[in-house]
Amino acid sequence: LFSVFQYLKGDKLYSAHARLLFKPEEKQIIGDQMYRYSGDREKAFNTHLELLKSNTVLTIVADNLGGKVRQDGLRRSLAIAQGQTNREKNDIIELSFKHPDAEVARDALNELCKTYIDYRLDVNSQEITRLLYKFEQPIKKLQIELDEKESALRAFKESNRMVQLSDETN
């Protein structure tokens with residue numbers, strides 16, 4: 001009887017649940033070539049689990065919620081785990097968040113999912129930008145070399161009267 005009284009008197013917590021699909025990147029960068037993640041899948045999955053509860057992501061979520069929940073409150077009430085089907089791990093990230101206000105629980109978890117997705121997109125964009133920059137420098141160097149060699153060829157042809165300047169259009 002006492003435990004029933006404690007249960008009825010105790011704080012009520014609402015629980016919100018969400019699922020995210022984990023999928024390592026597959027990027028098409030040059031022509032028809034696809035670049036796939038080839039590292040340790042389990043390590044990559046755990047990295048994403050850690051990213052979801054990182055200070056960076058939780059701070060953004062707390063800021064976006066306008067003070068409804070603080071970062072430490074998010075961390076304490078958030079549960080993140082790898083999903084399972086028939087006791088085998090799958091590629092689903094299971095999230096749950098508990099809070100006395102059902103709307104805050106829902107909003108916090110929705111904002112976490114949105115922030116995580118936006119953060120990953122931003123990081124991926126930065127990686128692609130760095131990769132493009134890495135290709136851009138050698139391409140510029142090769143373009144300069146090509147221009148120099150074309151000029152040398154044009155000068156050689158002119159000096160040996162192979163082609164007149166007016167015949168070339170470059």
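**Notebook: core and aromatic pair**

I started with burial: 25% of the protein's 170 residues count as buried. A reminder to myself that this is a predicted model.

*Overall layout.* I counted up the secondary structure and got five helices and five strands. Reading along the sequence, I noted the order α-β-β-β-α-α-α-β-β-α.

*The core.* Which residues touch the most other members of the largest nonpolar core? I found Leu52, Leu74, Ile93, Leu95, Phe97, Leu109 and Leu112, out of 28 residues in that core. At least two core residues come from each of strand S1 (14-21), helix H2 (41-52), helix H3 (55-64), strand S4 (78-85), strand S5 (88-99) and helix H5 (102-159). H5 gives the largest share, seven residues.

I then picked out Leu109. Setting aside its neighbours within four places in sequence, I see Leu109 in contact with Ala16, His17, Ala18, Leu78, Leu95, Ser96 and Phe97.

*Aromatics.* My search of the whole structure turned up one aromatic pair. It is Phe22 with Phe45, and I call it edge-to-face because the ring planes stand at 80°, with the centres 4.9 Å apart. What does the pair tie together? Phe22 sits in the loop between S1 and strand S2 (26-30) and Phe45 in helix H2, so the pair links parts 23 residues apart in sequence.

Conventions
Residues numbered from 1 in each chain as written. Predicted model: local features only at pLDDT ≥ 70, side-chain atom pairs only at ≥ 80, totals over all residues. Heavy atoms only, no water. Helix = DSSP H or I, 4+ residues; strand = E, 2+ residues; numbered from the N terminus. Buried < 20%, exposed > 50% of the residue type's maximum accessible area, 1.4 Å probe, protein only. Core = buried A, V, L, I, M, F, W, Y, C linked by side-chain atoms within 4.5 Å. Contact = heavy atoms within 4.5 Å. Phe/Tyr/Trp six-rings, centres within 6.5 Å; stacked < 30°, edge-to-face > 60°.
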